[in-house]
Amino acid sequence: MATAAFLPVWSVSAKPIPAYFTGIGAAHMAEWNTFYRNEEDEEDQEEGEQSGDYKATGRDSLVFLVDASKEMFIKGEDGQPSNFDMTMQVVRSVYASKIISSHRDLMALVFYGTEQSKNPRNSFKHVYVYHDLDEPGAKRVQDVDALRGDKGAQLAAETMGSGETSLGDALWCCANLYSDIKLRLSHKRLMIFTCRDEPHGSDGAKDRQARTKAGDLKETGVVVNLMHLMKPGGFDVATFFRDVISPPEDESELGLQLEPCDKLEDLKKRVRAKEQKKRAMARMNLCLGEGLNVAVGIYATAVTARKPAPIRLYRETNEPVRSKTRTFHTQTGSLLLPSEIKKSQVYGKKQIVMERDEVDAIKKFEDPGMSLIGFKPMAKLKRHHHIRPAVFLYPEEDEVKGSACLFSALLTKCSERNVFALCRCVARRNFPPRFVALVPQKEEVGEGKVQISPPGFHVIYLPYADDMRTLDPPQFPTASQRQVDKMKEIVSKLRFKYRSDAFENPVIQQQYRNLEALALDMMAPEDIDDLIMPKVDQIDNRLGPLVQEFRDLVYPDGYNPENKAAAKRKTADTGGGAEKKPKVEVAEDELRAHAQNGTLGKLTVPVLKDACKRFGVRTTGTKKQELIDALIAQLGK
């Protein structure tokens, strides 16, 4: 999924929403298009599902459990930030990104190994609940900002201090935070940040208590992850934490990281990979043959980031309003019920009227699912077959046991033989069937053992014959080989390695910076770097004289690319008439050189006409290109 940069946007919660009713006059029969959605509407609906339907699936929740021992505050070599400072930067980053992408998710920040205690009912010593499990907001971001840097370390020492450690009590406290929430939660995740692989030293009783409480958490559906940080001598996960953390959810999960993080960017990547929810757009069966089904889920790997939609407020109370629409008869003014509204389509100058259930029957082809048709070489898949963004296919082992094994075998064979699977796909109920190509992708792991590309199939939607167009492009003069070679030099000078995640949308970034400044009472928003603006000076330094050389080859002398009006001719001293330009003649050798180099276009139309007269060339028109073509044909004899 696409993720906006970690800059926050804050919203204000309100009390019960007042309703406004809007009367809309309408005919007794609605137009077909008002009911029968097109493909773009379906895609918008798919993108809308990425934001999460909280009523149907519940909210995501994340608890940061941070070690506050003295070892966490030791700075690294060469002025590197301490492990505690890196953790606070990551927590702040996740808070901000959640505010942007999923502001209704719940988050909490808990410290353990503290001298002071602060938790519900103060039942646990040396556990400090800094933030309860609640929606992130501007105040929480400010609180975490206060814990960063040297001043943050001093504030943490004054507020919480460092004391004894009991990870079992900390996990028990986190379990109570979850039990106090009455909302429906879809994902429950706990992240432990520490640089101590033996938090209790040689105290076996505390180790057993922590393992027991971790098991209780995992039984209630809480996923426990370890974000272990670098310490002198290394971090041995097997010593204690191997029995505390949750096993990998599936092969796409990063699982147990054996190497600790010593850089902020690596820690951010690991946290981001764990905290991002992987919510399927749809789940269905992939039928490989009669009675052979594989449960799969469809996921969006990238979704267009958009500015949040504006919220209408009631001007007297500043509370959000909710609008309702009612349909009235245009002649009688009576309120129409949904059962009284029919659908119509004009065909052959006749209005075809249908009931709602008839329209539903027309739209339905078959139940959602994907059926294998066959296999094709990858060479058969062309670039122009791409008509809409692709999605990603991954097995759902929880739905049908053995799906992951069979899916992996299919993926391996398709990759070995360099083929794609051709399937018929119905994504949801009442959706039209589409032909799709399943393109295999192997797993790719980068530095820090962070997964870059998961194993699975890219679902490429293929066009129908009705979608293909026959284009009639306009005809333009063909470039000469010298012009093509010169442009190749320019392109080779301006090549660079493109990465889509290196460029942020400046409009969205400016929007979030402004909202951040308003919410945090900043004097002015932070400046943004518009990364899509061309670096003119750097381009000029790279190209050098190539631009002028290309201009001399392509454009005629005196060509003005800005289309500015030419200067007016000066009037003659006598007679008030315009001063005539002297007649310019081009020698035959020079003319032949222009024709050979493909630079006849640099000559003016009068010069070309004069050359045609001298060579006895007859032309059917007076356009410049026609004169050039005629001269090239004559001089080529």
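Over the face of which residue does Lys188 lie? Lys188 lies over Tyr178, at 5.9 Å from the ring centre. A charge counts as over a ring if NZ of Lys or CZ of Arg is within 6 Å of the ring centre and within 35 degrees of the ring normal. Likewise, the charged end of Arg388 sits over the ring of Tyr461, 4.0 Å from its centre.

A word on the basis of these values. This is a predicted model, in which local features need pLDDT of at least 70 and side-chain atom pairs count only at pLDDT 80 or more, while totals for chains, interfaces and linings use all residues. Residues are numbered from 1 along each chain as its sequence is written, and side-chain values use heavy atoms, with hydrogens and water left out.

I turn now to the aromatic pairs, of which the structure holds 13. Rings of Phe, Tyr and Trp (its six-membered ring) pair if their centres lie within 6.5 Å; planes under 30 degrees apart count as stacked, over 60 as edge-to-face and the rest as tilted. Phe64 and Phe193 form a tilted pair, 5.9 Å centre to centre with 45° between the planes. Because Phe64 belongs to strand β3 and Phe193 to strand β6, this pair ties together parts that are 129 residues apart in sequence; strands are DSSP runs (E, at least two residues), numbered from the N terminus. Both Phe64 and Phe193 are buried, that is, under 20% relative accessible area with a 1.4 Å probe, protein chains only.

Technical notes:
Helix = DSSP H or I, 4+ residues; strand = E, 2+ residues; numbered from the N terminus. Buried < 20%, exposed > 50% of the residue type's maximum accessible area, 1.4 Å probe, protein only.
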